[in-house]
Amino acid sequence: MSNSPFRPGYSRMPLVFGGHERTVREFENVFQNFDIGENQSVLVSGLRGAGKTSMLGTLGDLAAAHGWTVIREDAGTGLLSRVMDSRIPQILGTFDRDTRMRLTRLGIWEFTADFDYVERKREVTPLLRDDLAAIAQATDDRGILVLVDEVSSRKSALDELSRFALELSHAIAEGLNIVVVFAGVKIELDELLAQPHLTFLRRSRQLIFRRLSAEATRRVIRETTEAGGRKLALDAEEHLITTSQGYPYLVQLVGDYAWRNNPDADGITLEDAESAREKAISEVEERVISRVYRDLSEKDREFLQAMSPDDGVSKMGSIADRMGVSPQYANIYKQRLIDSGYVQMAGRGFVDFSLPYLREYVRTVVSTTSASPREPDNGGWDEFPPPKR
Ligand SMILES: Nc1ncnc2c1ncn2[C@@H]1O[C@H](COP(=O)(O)OP(=O)(O)O)[C@@H](O)[C@H]1O
Ligand SMILES: [Mg+2]
């Protein structure tokens, strides 16, 4: 019996990382040629399960493979001290002897006689910007990638992250080869951008993670199955694609259930895919969609509730009516929900859910009742409508 190659779960790197080809290519160029350009600071936003952490992991691996120093932490209390007191000394310990000797001479850290243990010199006021500059100097400015995941807008976390970002901005202003990537839920990242003194972050490149295209989804499902050593029937493939709707977490979940249905068989069949559907959808509702819904404010939820009676797209006018608010007011909420990836435009005056199965979930939360079709180019998903439940 072979183990499933699918990796459903938060922060579990997929075996096959689909989509985002351009971003990955661009970063490869950054790491290889130091052609940093507009990628100096990047903000990755998206709903839970959209693949933000996996992207950080992918970038971290890529950078390390090109000899960059990678500093990766979750935001939150103690960020600065976690980085300065444990992450950086740990990284310093991995440098070769020559580099460590050079670091010693810079006077920030002391190493033991055989250079295998680092201690910060007490007479120096520790500043992250100095640490980064020292690492850059000792490594001939070979590049430092700073990855910060789970950006949160809780006050204490935000204060700490602001101080951290300010240090980074000083290091960047020195002209060092530093690239910074922050990841989090859109609403939380927006709070960070609103902080004073963080102008450099407001100039960041913004990457918004939504669904994978139908083609990228196909590649992930097929290549993951084949890497696991089994075949994938064509009709099973279609079925898994339509069930997942390209939502990364769900792609891994439905693939995993299909794999486990009959793991000793030669390949995954349509029957396996069918048996996986209900399980994967209810699991994604429980682990992802419910949390994504809870991330919203009361008013945002009211907007989604006002959309949920419709079987297809919702008319903005009807939403405003159902909410009992003016069209202008409803528009503000529409825009916020579009920006954060919950909702998408579906032609003039119409919106639709952009997270699969969110409608069904919202219906279970409330109980309410119908409108019409068509949406613009949406990554090829018109050919793969979600299955009726
Ligand atoms: N580009 C991708 N291709 C295939 N699977 C992915 C991709 N990105 C994420 N996944 C899968 O989706 C799930 C959630 O990924 P994660 O990176 O933790 O999302 P987030 O950090 O946005 O909540 C994991 O099971 C992961 O393996
Ligand atoms: Mg994550």
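How many nonpolar, polar and charged residues does the shell around ligand 1 have? The shell has twelve nonpolar, eight polar and four charged residues, with Gly counted among the polar ones. This is a predicted model, in which local features need pLDDT of at least 70 and side-chain atom pairs pLDDT 80 or more, while totals for linings use all residues. Residues are numbered from 1 along each chain, ligands are numbered from 1 in the order written, and side-chain values use heavy atoms without hydrogens or water.

Arg7, Ser11, Arg12, Gly49 and Ser54 come nearest among the 24 residues around ligand 1, where a heavy atom within 4 Å counts as near.

Polar contacts are pairs of N or O atoms within 3.5 Å. A backbone N or O atom of Ser11 is 2.7 Å from a ligand 1 oxygen, and one of Pro14 is 3.4 Å from a ligand 1 oxygen. From the side chain of Thr53, an N or O atom lies 2.8 Å from an oxygen of ligand 1. Helix H2 (52-65) and helix H11 (248-261) each give two or more residues to the shell, helices being DSSP runs (H or I) of at least four residues.

Notes. A polar contact is a pair of N or O atoms within 3.5 Å; within protein, one must be able to donate a hydrogen and the other to accept it, and residues adjacent in sequence count only if both atoms are side-chain atoms.
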